Amino acid sequence: MYRIILLSLVTIVFATDDGIRIPLKRIHHNSYHDNPQMYLQRTVQRLQQKYGPGATGEVNLYDFQGIQYYGEISLGTPGQTFTVLFDTGSADLWIPSSKCKFWDIVCWFHSKYNSKKSSTYQDDGRPFSIKYVTGSASGFLSRDVLTIGGLEVTNQTFAEITDPSLMFIWSEFDGILGLAFKSVAQSKENPPFVNLIKQQVVAKPFFSFYLSEEGGELALGYTDKSHYSGRFTFKPLIKPAKFWSFFLDRITVDSQDVGVDNVTAIVDSGTSLIAGPPGQIKAINNLIGAKEILGLYIVDCNTIDQLPNVVFHINGVQFNLTGRDYVLEMRRFVVFKVCISGFMEVDLGAPIWILGDVFLRRVYTQFNNGRGRLGFALAV
């Protein structure tokens, strides 16, 4: 029926004089292509669990069934290679373990870390567990050398997963590498990028995401000037920093206000769409002519190029998303196509917006740990 596209990181890394470049490549993925409603429903559930009242940093990873980006890392000496989802909405690193039980078929389909093959392995042993909407992943903590794009972090705490849920059997990546803050880490240990800074391995204390429909790039310690135009617009993080959150000035559709005024917005590379409070999302979808059908907002595919701009106002600077930016085209076979709005409703118990990949593909974003801020520039 409908086709959902999964984007993934290529497992080739290029080093530059001033940082590390991790390119991303587009691939096609069929999981849940027959049921976009279930995909959106589970995305809502994940966001409610992640950012709603009582959220503990437990991460729901169902977004891999939609649009995601992943890339290559290694653990141990000599290095054991894994693909991970780079997620700015979580803060732990976990990988399947060679100690998975033989009958756990999920582990059959993914690379597994083997501590016996690493001369730099250090035992930890504390239990680790993450719960999901329809499953969980659990195991124990270990420490070893982590290599990301040629940069080495010593004594990095990570989780060896021995009991992954069946849901992971379809994931294109082996594990998750969180890029949020220690305060939401299940392990209670420093996330990898924090250790890159503390061990003075990374050139500068920030990383940058470039996403596109053909792939993208995660730059560690620098910004790639070939991927954005103009100057950065900076916003300080909301304190205390848990997620990459800031105060978003306004959202307008062309010149019409939709009731967003200085609200909390979280930039989350682990979320495919742009999510917000139901009332404001309805207002946006009404103004772009999207019709609600069985919980989905459907757009006439013939009108995409005539749709109004949705404008994000940040420190007086306008970042425009066109219809081509915020409408997702899904196809059944070749002849049947449905176009879905990239703006989805989620009730988090507060006026919080989640700016996912729909936003990041249009706005090159710098995540600055050193200065506690986010930087935005127009992606090219």
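**Salt bridges and a helix**

Modeller: Let's begin with one residue. Arg324 is partly exposed, at a relative accessible area of 43%. Here buried means under 20% relative accessible area, exposed means over 50%, and partly exposed is in between (1.4 Å probe, protein chains only).

Colleague: What kind of model is this?

Modeller: It is a predicted model; local features need pLDDT of at least 70, side-chain atom pairs count only at pLDDT 80 or more, and totals for chains, interfaces and linings use all residues. Residues are numbered from 1 along each chain as its sequence is written, and side-chain values use heavy atoms, with hydrogens and water left out.

Colleague: Which residue does Arg324 form a salt bridge with?

Modeller: Glu329, with the closest N and O atoms 2.9 Å apart. A salt bridge is a side-chain nitrogen of Lys or Arg within 4 Å of a carboxyl oxygen of Asp or Glu. Glu329 is partly exposed, at 31%. Lys337 also forms a salt bridge with Glu329, at 3.2 Å between the closest N and O atoms. Lys337 is partly exposed too, at 30%.

Colleague: How many salt bridges are there in the whole structure?

Modeller: A search finds 11. One of them joins the side chains of Arg143 and Asp124, at 2.9 Å from N to O. Arg143 lies in strand β8 (residues 136-148) and Asp124 in strand β7 (residues 122-131), so this pair ties together parts 19 residues apart in sequence.

Colleague: Are Arg143 and Asp124 buried or exposed?

Modeller: Both are buried.

Colleague: New topic. How many helices and strands does the chain have?

Modeller: Six helices and 26 strands. These are DSSP runs, numbered from the N terminus: helices are H or I with at least four residues, strands are E with at least two.

Colleague: Which residues are buried in helix α4?

Modeller: Helix α4 covers residues 278-287, and Gln280, Ile281, Ile284 and Asn285 are buried there. They span an arc of only 135 degrees around the axis, so they sit on the same side of α4. That arc is taken from the directions from the helix axis to the C-beta atoms.

Colleague: And what is exposed on the other side of α4?

Modeller: Gly279 and Asn286. Just after α4, Gly289 has a positive phi of about 80 degrees.

Colleague: Last one. What share of the chain is buried?

Modeller: Of its 380 residues, 59% count as buried.
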